[in-house]
Amino acid sequence: MSDDIDEEPLPITAIKAWLSQKNNEWIIDADGKEKIFKAQLEEESAFNADNLFGDDDEEDELIQRVQRWSSSSINPDGIGGTFRDTCDDEEEANCVKIVYIISDSWQGFGNVVWASSRHVANMLANKYQCSQLLSPWLKHREISELHPLLGASFVEVGAGAGIPSWTAMRCGARVICSDQANPDRIRCIAEGMERNWREMNSSNTEERILNNAKKSRAVPHNWGSPIEELTTTLDKNEEGRFDIVVAADCVYMTSLHSELLQSIDNLLSKEGVALISFGLHGNDPDEKIWRIKDLAIEVGFNVEILEQKQLTPSTKEMESKQALINTIRLTR
């Protein structure tokens, strides 16, 4: 699992296929402003500005920008990233392998790969677990031996590194991966799409999976804001909404619960499934975090609490409780 990966960011020309023209121009403008800002700091400071931006060798050893992860039928954390680096033959044959990018932007803590995103991705990757997870939606579809995500319209909000999105993309979904309107975050999401697309193309990926994957897009979205850019980007069902909506570790910001649910409500199709997965991080009382359930009922969702799963915390400083993953399933 630990092979050499080119750490250098891909040029904007390599990722523009995954962006609208407007967002492509927005990222180009942000890149230019960042270069000017760094140059000004180097001129005005008595020390090397590269160190300020975490470009020194020591920091590179701590945080690898481009990382690999794969699902696992044995290890709930999956394989790779900051976790176990080897897999046996059984896992190798059945796992879903992805590449993801760690953004430099710390806003919203989207530069951390949270346990909840690994949990959701691991469940989505396994055909049988995915069928159980999405059972309220699948009962409206024809019975099939294919992976449940094949052909599904899938949107992730507050995606960060986007591990659930890349897993869904590899399994044949048409994916919109979104996060807050931060140029570096959306750039990294688009780069994640391109890197996964390249690996899918170079392997024996089925043509129908590739055809769905190439429809995927990286889109900025602040919760509670208009959703037109999300809903007009992808061919969805007749309602213009998504079959599956995922929000992994997004509920710790209790002040944004209403906005998060507003976006989910606007994005989810009549027969679709929304998954809200999270650990309890202690930044607010647990009961305040769990109010998201009552708010969802007030919005009009059917709410189910799924089985908890203990994963490994994302850092050594975190408590195990922060990686005890709760999942709320919303349907209409």
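**Briefing: helices, strands and packing in a predicted model**

Helix α13 passes helix α15 in a right-handed crossing; a crossing is right-handed if the near helix is turned clockwise from the far one by less than a right angle, and left-handed if anticlockwise. The structure is a predicted model, in which local features need pLDDT of at least 70 and side-chain atom pairs count only at pLDDT 80 or more, while totals for chains, interfaces and linings use all residues. Residues are numbered from 1 along each chain as its sequence is written, and side-chain values use heavy atoms, with hydrogens and water left out. Helices (H or I, at least four residues) and strands (E, at least two) are DSSP runs, numbered from the N terminus.

**Confidence**

- The average pLDDT (the predictor's confidence in each residue, from 0 to 100) is 89 for the protein, and 86% of the residues score at least 70.
- Residues 56-61 have a pLDDT below 50, and this stretch has five contacts in the model beyond near neighbours in sequence; contact means heavy atoms within 4.5 Å.

**The pair α13 and α15**

- The axes of α13 (residues 257-267) and α15 (residues 291-299) come within 10 Å and cross at roughly 45°; axes are lines fitted to C-alpha atoms, for helices over the stretch in contact, and angles run from 0 to 180 degrees between N-to-C directions.
- The two helices, α13 and α15, are therefore oblique to each other, given that angles under 35 degrees count as roughly parallel, over 145 as roughly antiparallel, 65 to 115 as roughly perpendicular and the rest as oblique.
- On the α13 side, His 257, Ser 258, Leu 261 and Asp 265 meet Ile 292, Leu 295, Ala 296 and Val 299 of α15.

**The open sheet β2-β1-β3**

- Three strands, in the order β2-β1-β3, form an open sheet with antiparallel pairing; two strands pair if DSSP finds at least two bridges between them.
- The edge strands, β2 (79-80) and β3 (97-101), each pair on one side only.
- Strand β1 (residues 66-70) is joined to β2 by two bridges, and Ser 70 has Ile 79 of β2 as its bridge partner.
- Helix α10 (residues 183-202) packs on this sheet and touches β1 and β3, with a direction at about 150° to that of β3.
- Helix α9 (residues 163-170) also lies across β1 and β3, and runs at about 145° to β3.

**Ile 5**

- Ile 5 lies in the segment before α1 (12-15) and counts as buried at 17% relative accessibility; buried means under 20% relative accessible area, exposed over 50% and partly exposed in between, with a 1.4 Å probe and protein chains only.
- The C-alpha atoms of Ile 5 and Val 66 are separated by 6.9 Å, although the two residues are 61 apart along the chain.
- Leaving aside residues up to four places away in sequence, Ile 5 touches Gln 64, Val 66, Gln 67, Arg 68 and Arg 195.

- β4 pairs in the parallel sense with β5 (residues 174-179) over four bridges, and Val 155 has Ile 176 as its bridge partner in β5.
- β4 is also joined to β7 by three bridges, in parallel, with Ile 244 of β7 as the bridge partner of Phe 154.
- Strand β7 (residues 242-248) is largely enclosed by the rest of the structure, because seven of its seven residues are buried.
- Six bridges join β7 to the parallel strand β8 (residues 268-278), where Leu 275 stands opposite Val 246.

**Helix α6**

- Helix α6 (residues 115-125) is mostly covered, with 10 of its 11 residues buried, among them Arg 118, His 119 and Leu 124.
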